[in-house]
Amino acid sequence: MTTDLWNGVDMEKKNSHEETNKSGNLLENLLERNSLNRRLHWTTIASEKALLALIGLLTLVATFQALNDMYLARKVGLPDLFLLFIYVEIIGMIGAFYSTSRIPVTLPIIIAITALCRLIVMQSKESEALVLVAEASAILVLSCAAYLMSLKDRHSLMKLKESGNDENV
């Protein structure tokens, strides 16, 4: 009977050891996958930067084309200024990415708002009232989203400062 008891304890130890080995193998597999992710991460960074550089270059080309069109027409209208402003915002967004390695969410929202304003200015005379109301409503929704995102950013910065102050104490 004592032998059976010891065999039971040995079996429990053996099963526990096997489970530890299985979890250890699982952990090793996860670490290998993370290692692979770390080794391939440079491709994501490189392609992201290359595409943003291409977008910046094409934005500059589009800016010069728009300026040339204005020069040839000998006229600058409000839609033209909105278009140039959109180009400036795109270049600013790319600059923000290169300086902080992240794109603030509010910048694309502001670009969309500017594009809708340009659309309203360009089509206001010949568009239907309902279309104009829909475009204005979209601007309102985007404005609210930009405001909420700026509140979220402000709240995150405050939390970051508080955690920094806690570490210094």
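Q: Which residues does Ile-111 touch, not counting residues up to four places away in sequence?
A: This is a predicted model, where local features need pLDDT of at least 70, side-chain atom pairs count only at pLDDT 80 or more, and totals for chains, interfaces and linings use all residues. Residues are numbered from 1 along each chain as its sequence is written, and side-chain values use heavy atoms, with hydrogens and water left out. With contact meaning heavy atoms within 4.5 Å, Ile-111 touches Ile-86, Glu-89, Ile-90 and Met-93.

Q: What pattern does the protein follow along the sequence?
A: Helices (H or I, at least four residues) and strands (E, at least two) are DSSP runs, numbered from the N terminus. The protein has 4 helices and 0 strands. Read in order, its pattern is α-α-α-α.

Q: How far apart are the end C-alpha atoms of helix α2?
A: The expected span of a helix is 1.5 Å times one less than its number of residues. Helix α2 covers residues 78-100, so its 23 residues should span 33 Å. The model agrees, with the end C-alpha atoms at a separation of 32 Å.

Q: What about helix α3: how far apart are its end C-alpha atoms?
A: Helix α3 takes in residues 106-123. Its 18 residues, at 1.5 Å a residue, should span 26 Å. The end C-alpha atoms agree with that, being apart by 26 Å.

Q: Is Val-88 buried or exposed?
A: Val-88 lies in helix α2, and its C-alpha atom is 8.8 Å from that of Thr-63, 25 residues away along the chain. Buried means under 20% relative accessible area, exposed over 50%, and partly exposed in between (1.4 Å probe, protein chains only). Val-88 has a relative accessible area of 53%, so it counts as exposed.

Q: Which residues is Thr-106 in contact with, leaving aside its neighbours within four places in sequence?
A: Thr-106 is part of helix α3. At 15% relative accessibility, Thr-106 counts as buried. Beyond its sequence neighbours, Thr-106 is in contact with Ala-146, Met-149 and Ser-150.

Q: Are the rings of Phe-97 and Tyr-98 stacked or edge-to-face?
A: Rings of Phe, Tyr and Trp (its six-membered ring) pair if their centres lie within 6.5 Å; planes under 30 degrees apart count as stacked, over 60 as edge-to-face and the rest as tilted. The count comes to 1 aromatic pair. The ring centres of Phe-97 and Tyr-98 are 5.8 Å apart and the planes lie at 70 degrees, so this pair is edge-to-face.

Q: What share of the residues in the protein is buried?
A: Helix α3 has buried residues including Ile-109, Leu-116 and Ile-120, and in α2 Leu-83, Tyr-87 and Glu-89 are among them. Across the 169 residues of the protein, the buried share is 18%.
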